[in-house]
Amino acid sequence: MSKYKIIEIKESVFEDNNRRADLLRGELEKEKTFLLNLMSSPGSGKTTTLVRTIDALKDEISIGIMEADIDSDVDAKTISKTGVKVIQLHTRGMCHLDAEMTRQGLQGLDTQGIDLAILENVGNLVCPAEFDTGASKNAMILSVPEGDDKPLKYPLMFSIVDVLLVNKIDAMDFFDFDLEAVKERVTKLNPKIKIIPISAKTGEGIDQWADWLRCEVKKWNEK
């Protein structure tokens with residue numbers, strides 16, 4: 001018999017986080033607050049997409065935004081100009097948010113009366129995919145300049161999201177980007193995923209994205 005114990009740290013951390021995430025999701029369901037976890041690489045257009053989303057929905061849905069970054073408050077300043085409630089979360093070197101960090105953010109945001117809370121997660125395609133934040137749904141943005149091979153390189157991210165926004169389609173002519181290849185690769189990983197091509201710059205596709213959010217918030221409130 002071994003005289004020492006072997007502990008699988010990563011598995012233990014994930015199991016604990018998953019329990020916390022499920023508890024948080026249950027609490028948000030009772031509060032009737034829909035939490036969207038929005039992920040992407042840096043520079044994909046998350047903040048610009050959020051501004052477009054807010055403009056499309058703020059007159060009918062109460063919205064609160066949590067901006068997560070390693071440092072700085074640049075994105076929170078941008079979002080604050082829309083008039084919705086926003087807070088900045090500093091991870092101080094952490095490359096993702098977990099369920100407990102998200103809970104702290106929601107407490108700081110104060111979700112009472114908020115129908116839609118959106119977490120703009122730290123920008124990368126690795127760590128955020130591994131940690132359940134307790135969100136009602138997960139979304140990600142893939143921008144055209146990043147290339148159509150990203151589903152092959154980061155399969156976990158594409159497999160855990162409910163909706164994929166393909167952003168910067170206005171720049172499609174300037175890049176060797178095959179949208180149909182992306183759709184094929186992503187649906188192999190995640191057959192139930194919703195794929196919406198958009199341009200946060202021109203507004204193309206934002207109505208379809210806003211409609212998806214309206215529908216999901218309504219279903220959450222009817223639970």
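Mentor: Before we start, two strands pair if DSSP finds at least two bridges between them. Helices (H or I, at least four residues) and strands (E, at least two) are DSSP runs, numbered from the N terminus.

Trainee: Thanks! And what sort of model is this?

Mentor: This is a predicted model, where local features need pLDDT of at least 70, side-chain atom pairs count only at pLDDT 80 or more, and totals for chains, interfaces and linings use all residues. Residues are numbered from 1 along each chain as its sequence is written, and side-chain values use heavy atoms, leaving out hydrogens and water.

Trainee: Good. In what order do the strands of the open sheet come?

Mentor: The order is β3-β2-β4-β1-β5-β6-β7, so look for 7 strands in an open sheet with parallel pairing. At the edges are β3 (85-90) and β7 (194-197), each of which pairs on one side only. From one strand to the next, the twist averages 20 degrees. For angles, axes are lines fitted to C-alpha atoms, for helices over the stretch in contact, and angles run from 0 to 180 degrees between N-to-C directions.

Trainee: Which strands does α8 lie across?

Mentor: Helix α8 lies across β5, β6 and β7, running at about 160 degrees to β7.

Trainee: Let's move to β4. How many of its residues are buried?

Mentor: In β4 (residues 116-120), 5 of 5 residues are buried. Buried means under 20% relative accessible area, exposed over 50%, and partly exposed in between, with a 1.4 Å probe and protein chains only. Leu-116, Ile-118 and Glu-120 are on one side of β4, with Ala-117 and Leu-119 on the other.

Trainee: And which residue stands opposite Leu-119?

Mentor: That's Asn-37. Strand β1 (residues 34-40) runs parallel to β4, joined by 5 bridges. Strand β2 (residues 63-69) also pairs with β4 in the parallel sense, over 5 bridges, and there Gly-64 stands opposite Ala-117.

Trainee: What does Leu-116 touch?

Mentor: Leaving out residues up to four places away in sequence, Leu-116 touches Phe-34, Leu-36, Leu-57, Ile-61, Ser-62, Ile-63, Gly-64, Leu-213 and Val-217. Contact means heavy atoms within 4.5 Å.

Trainee: Which residues touch the most other members of the largest nonpolar core?

Mentor: Leu-36, Ile-65, Leu-116 and Trp-209 do, in a core of 43 residues. Helix α9 (residues 206-221) gives the largest share, 7 residues. Apart from this core lies another, of 18 residues, including Val-144 and Phe-177. A nonpolar core is a set of buried Ala, Val, Leu, Ile, Met, Phe, Trp, Tyr and Cys residues joined through side-chain atoms within 4.5 Å.

Trainee: Now Thr-49: is it buried or exposed?

Mentor: Thr-49 is buried, with a relative accessible area of 1%. You'll find Thr-49 in helix α2 (residues 46-57), and its side chain reaches the backbone oxygen of Gly-45 at 2.7 Å. Among the residues Thr-49 touches are Ile-141, Asn-167 and Trp-209, not counting those up to four places away in sequence.

Trainee: Last one: where is Asp-110?

Mentor: Asp-110 is in the loop between α4 (99-109) and β4. Its phi is near 65 degrees, a positive value in a residue other than glycine. Most residues other than glycine have a negative phi. Asp-110 is partly exposed, at 40% relative accessible area.

Definitions and conventions: Polar contact = N/O pair within 3.5 Å; in protein donor to acceptor, adjacent residues only side chain to side chain.
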